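Please view the sequence and structure first.

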Amino acid sequence: MKKYFIFFILMITLFSCKQKQALDTVSKVDLEKYAGTWYEISRLPNKFEKGLECVTATYKMLENGKVEVLNKGHKIKDHSKVSKAKGKAWRPNPEYEGRLKVTFFWPFAGDYYIIELDKDYQYAMVGSPNRKYLWVLARTKELDKTIYETLLKSAKEKGFEVEKMIQIKHNCNIN
């Protein structure tokens with residue numbers, strides 16, 4: 001009887017746990033083309049970017065094949081105050097070109113999954129497999145509304161809470 005009870009509890013636990021399905025990424029990413037500056041169009045709220053606008057991410061290829069990452073954002077209340085974070089990114093598995101790891105504080109690294117990427121590298125959508133983080137990025141400060149809505153629809157289908165997305169202003173006029 002005890003065995004059946006344990007089996008019953010185990011089955012309830014397994015079936016009641018809401019499992020997230022794997023997060024697919026793009027199959028091909030040329031990091032040389034991906035390098036350069038991207039403007040953050042929108043994001044899911046997170047602690048490390050709270051109170052920032054005019055946010056950019058700049059990627060630079062390093063000789064060792066890794067990528068230097070520089071995230072920069074201006075304080076909403078005082079655009080002259082800038083928050084910067086410098087880190088490194090790399091592909092942990094070359095078979096999955098769209099899956100990168102990023103670290104700003106070694107030895108801690110986060111997942112950086114490129115889940116949508118324009119064929120001309122003009123916009124991208126990046127997220128984490130736990131669906132906690134999501135960014136829509138573009139090479140320009142604005143993104144066509146139709147493209148943006150298509151990206152959000154895709155993100156919603158992938159399990160992201162797109163209704164919580166924050167639109168990022170790019171009105172700082174400070175370099």
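A pocket is an open set of points on a 1 Å grid over the protein atoms alone, with protein on both sides within 12 Å along at least five of seven lines, whereas a cavity is a set of points where a 1.4 Å probe fits but cannot get out; lining residues have an atom within 4 Å of a point. Grid points are joined across faces, edges and corners, and a volume is the space filled by probe spheres set on the points. The largest pocket holds about 750 Å³ of space. The model is predicted: local features need pLDDT of at least 70, side-chain atom pairs count only at pLDDT 80 or more, and totals for chains, interfaces and linings use all residues. Residues are numbered from 1 along each chain as its sequence is written, and side-chain values use heavy atoms, with hydrogens and water left out.

**Confidence**
- The chain has a mean pLDDT (the predictor's confidence in each residue, from 0 to 100) of 88, and 87% of its residues reach 70 or more.

**Largest pocket**
- Of the 30 lining residues, Phe48, Asn71, Val102, Phe104 and Trp135 lie nearest the centre of the pocket.
- At least two lining residues come from each of strands E2 (52-61), E3 (67-75), E4 (82-90), E5 (99-105), E6 (108-117) and E8 (134-138); strands are DSSP runs of at least two residues, helices (H or I) of at least four, numbered from the N terminus.
- The lining of the largest pocket comprises 17 nonpolar, 8 polar and 5 charged residues.

**Cavity**
- The whole structure has 1 cavity of 30 Å³ or more, and the largest cavity holds about 60 Å³ of space.
- Its lining residues include Leu31, Tyr34, Val102 and Tyr112.
- Helix H2 (31-34) and E5 each supply at least two residues of this lining.

**Backbone and buried residues**
- The peptide bond from Trp106 to Pro107 is cis, with omega near 10°, and Pro107 lies in the loop between E5 and E6.
- Tyr121 has a positive phi, near 60°, and is buried (under 20% relative accessible area, 1.4 Å probe, protein chains only) at 9% relative accessibility.
- Arg131, in the loop between E7 and E8, has a positive phi of about 70° and is buried at 6% relative accessibility.
- His170 is buried at 17% relative accessibility, and a polar atom of its side chain lies 2.7 Å from the backbone oxygen of Glu40.

Key. Nonpolar A, V, L, I, M, F, W, Y, C, P; charged D, E, K, R; others polar. Buried < 20%, exposed > 50% of the residue type's maximum accessible area, 1.4 Å probe, protein only. Polar contact = N/O pair within 3.5 Å; in protein donor to acceptor, adjacent residues only side chain to side chain.
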